[in-house]
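Good morning, everyone. Please look at the screen while I talk you through one model.

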Amino acid sequence: RMCYKLKHVDLVEEAVLRRTIDALLLEDWKNDMDREMLSIHQILSYTSAGNYFNDVGGKAQAVQSWISSVLHKIIQYKAKHRSYLNEAATALQHAFPQDIVIKSVLPFLELPNMNMQR
């Protein structure tokens, strides 16, 4: 109901998300996701918990908004990662036989599978 003391959020699937962030291609993407993951703690420290007349307080709304933002960003970065991966695979297929690229190279560049519920 009202979460006056809420200052920290632990994600149920944080380890899965962390592996995905660590596997992103660009350091800028990783840094952006790290900042996004940590931002909730700062947001909660100055967000109101609500009042007796409003069941959904500011902290609950802030957490919902933050989760949406994290999911939106990781989906965007995964799509960009996939696009770069496809470009690299196309270039590699011109240099190496396709079966070598598909079996030996691409598995090392894939992001971990994320089966998080929305």
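Let me begin with a question: does Tyr 84 count as buried, partly exposed or exposed? Tyr 84 counts as partly exposed, because its relative accessibility is 41%. Here are the cut-offs: buried means under 20% relative accessible area, exposed means over 50%, and partly exposed is in between, with a 1.4 Å probe and protein chains only.

Now, some ground rules. This is a predicted model, where local features need pLDDT of at least 70, side-chain atom pairs count only at pLDDT 80 or more, and totals for chains, interfaces and linings use all residues. Residues are numbered from 1 along each chain as its sequence is written, and side-chain values use heavy atoms, with hydrogens and water left out.

Next, the overall layout. The protein chain has four helices and zero strands. Along the sequence, the pattern reads α-α-α-α. Helices here are DSSP runs of H or I with at least four residues, strands are runs of E with at least two, and both are numbered from the N terminus. The chain has 118 residues, and buried ones make up 29% of them. The chain exposes about 8200 Å², and carbon and sulfur atoms supply 55% of that. Those areas come from the Shrake-Rupley method with a 1.4 Å probe; for residues, only the protein chains shown count as cover.

Now find helix α3. It covers residues 58–95, which is 38 residues. From first C-alpha to last it reaches 55 Å, close to the expected 56 Å. That expected span is 1.5 Å times one less than the number of residues. Buried residues of α3 include Trp 66, Val 70, Ile 74 and Tyr 77.

Together with Leu 25 and Leu 26, Tyr 84 makes a nonpolar surface patch of about 270 Å². Patch residues have over 30% relative accessible area and no salt bridge; like charges are joined within 9 Å, and nonpolar side chains (Val, Leu, Ile, Met, Phe, Trp, Tyr) within 5 Å.

Let's go inside. The largest nonpolar core has 13 residues. Leu 17, Ile 21, Leu 24, Met 33, Val 70 and Ile 74 touch the most other members. Helices α1 (14–23), α2 (27–46) and α3 each supply at least two residues of this core. A nonpolar core is a set of buried Ala, Val, Leu, Ile, Met, Phe, Trp, Tyr and Cys residues joined through side-chain atoms within 4.5 Å.

Last topic: charges. Side chains of opposite charge can pair when their charged atoms come close. The structure holds six salt bridges. Each is a side-chain nitrogen of Lys or Arg within 4 Å of a carboxyl oxygen of Asp or Glu.

Start at Arg 18. Asp 22 forms a salt bridge with Arg 18, with the closest N and O atoms 3.9 Å apart. Both lie in α1, four residues apart, about one turn of the helix. Asp 34 also forms a salt bridge with Arg 18, at 2.6 Å between the closest N and O atoms. Asp 34 lies in α2 and Arg 18 in α1, so this pair ties together parts 16 residues apart in sequence.

Then there is Glu 36, which forms a salt bridge with Lys 73; their closest N and O atoms are 3.1 Å apart. Glu 36 lies in α2 and Lys 73 in α3, so the pair ties together parts 37 residues apart in sequence. Glu 36 is buried, with a relative accessible area of 13%. Lys 73 is buried as well, at 19%. Salt bridges that share partners join Asp 32, Arg 35, Glu 36 and Lys 73 into one network.
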